[in-house]
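Here is a short report on one protein model. Look at the fold first, then read on.

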Amino acid sequence: MSFNLIENAIQFRIARPTNQLAAIKIFYIEGLGFKEIGSFTEHEGYSGIMLGFPNSQYHLEFTTHKDGEQLPPPTKENLLVLYFDTVEKYTKANERLLQMGINQVEPINPYWIDKSQTYEDPDKWRIVLFNGVYTHK
């Protein structure tokens with residue numbers, strides 16, 4: 001019998017570097033409502049934050065090196081999609097980002113038009129706020 005790694009993993013983290021850790025922290029915590037669930041400073045030149053939701057088994061990690069580094073730009077298809085189960089929650093989330101002066105950007109993929117709004121974080125990675133929930137068939 002083969003071992004299915006993904007069915008046996010109990011947590012996952014998506015990590016990426018940034019040269020704008022303070023701005024990223026503001027965007028994801030104050031703008032999107034993530035919680036800081038961990039952090040580290042000057043670990044062999046690296047500092048970082050872990051953002052997620054309490055008691056969840058997944059989170060985002062953003063790291064930065066004290067010397068900075070040349071980072072490749074994200075494509076317009078690098079997306080973090082957040083789904084909202086009510087129109088009220090979806091509307092409130094969009095209003096929050098707009099109040100912070102974060103403007104919507106046009107999605108490159110027409111699938112997202114008329115059912116979501118797309119924004120960019122300080123590093124130009126795209127965040128999609130989706131009006132509805134994903135269901136797989």
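## One side of a helix

In helix α2 (residues 21–31), the buried residues include L21, I24, F27, Y28 and G31. These residues cover an arc of only 155° around the axis, so they sit on the same side of α2. The arc is taken from the directions that run from the helix axis to the C-beta atoms. Buried means under 20% relative accessible area, exposed means over 50%, and partly exposed lies in between (1.4 Å probe, protein chains only). Helices (H or I, at least four residues) and strands (E, at least two) are DSSP runs, numbered from the N terminus. An α-helix has 3.6 residues a turn, so residues three or four places apart point the same way. After α2 comes G33, with a positive phi near 90°.

This is a predicted model: local features need pLDDT of at least 70, side-chain atom pairs count only at pLDDT 80 or more, and totals for chains, interfaces and linings use all residues. Residues are numbered from 1 along each chain as its sequence is written, and side-chain values use heavy atoms, with hydrogens and water left out.

## The nonpolar core

Which residues touch the most other members of the largest nonpolar core? They are Y28, L32, F62 and L129, out of 19 residues in that core. At least two core residues come from each of α2, β3 (46–52), β4, β5 (79–84), α3 (87–99) and β7. The largest share, four residues, comes from α2. A nonpolar core is a set of buried Ala, Val, Leu, Ile, Met, Phe, Trp, Tyr and Cys residues joined through side-chain atoms within 4.5 Å. In soluble globular proteins, nonpolar side chains tend to be buried together.

Take L129. Leaving aside neighbours within four places in sequence, L129 is in contact (heavy atoms within 4.5 Å) with several residues, including L32, L82, F84, Y90, A93 and L97.

## Strand β4 and its partners

Strand β4 is mostly covered, with seven of its eight residues buried. β4 pairs with β1 through six bridges, and these two strands run parallel. β4 also pairs with β3 through seven bridges, this time antiparallel. Two strands pair if DSSP finds at least two bridges between them. R13 stands opposite H59 in β4. M50 has E61 in β4 as its bridge partner. The hairpin of β3 and β4 has five residues between the strands, and N55 takes a positive phi near 65° there.

Where is T64 found? T64 is in strand β4. T64 is buried, with a relative accessible area of 16%. A polar atom of the T64 side chain lies 2.9 Å from the backbone oxygen of T18. Beyond neighbours within four places in sequence, T64 is in contact with T18, N19, L21, G45, Y46 and S47.

## Salt bridges

How many salt bridges does the structure hold? There are seven. A salt bridge is a side-chain nitrogen of Lys or Arg within 4 Å of a carboxyl oxygen of Asp or Glu. Side chains of opposite charge can pair when their charged atoms come close.

R13 forms a salt bridge with E61, with the closest N and O atoms 3.3 Å apart. R13 lies in strand β1 (residues 12–17) and E61 in strand β4 (residues 58–65), so the pair ties together parts that are 48 residues apart in sequence. R13 is partly exposed, at 45% relative accessibility. E61 is buried, at 10%.

R16 and D123 also meet in a salt bridge, 3.0 Å from N to O. R16 is in strand β1 and D123 in the loop between β6 and β7 (126–131), so this pair ties together parts that are 107 residues apart in sequence. Both R16 and D123 are buried. D85 and K89 form another salt bridge, with the closest N and O atoms 3.0 Å apart. D85 is exposed, at 53% relative accessible area, whereas K89 is partly exposed, at 46%. Salt bridges that share partners join R16, D121 and D123 into one network.

## E120 in strand β6

E120 lies in strand β6 (residues 116–120). The side chains of E120 and R126 are joined by a polar contact of 3.2 Å. A polar contact is a pair of N or O atoms within 3.5 Å; within protein, one must be able to donate a hydrogen and the other to accept it, and residues adjacent in sequence count only if both atoms are side-chain atoms. Not counting residues up to four places away in sequence, E120 touches F27, I102, V105, W125 and R126.
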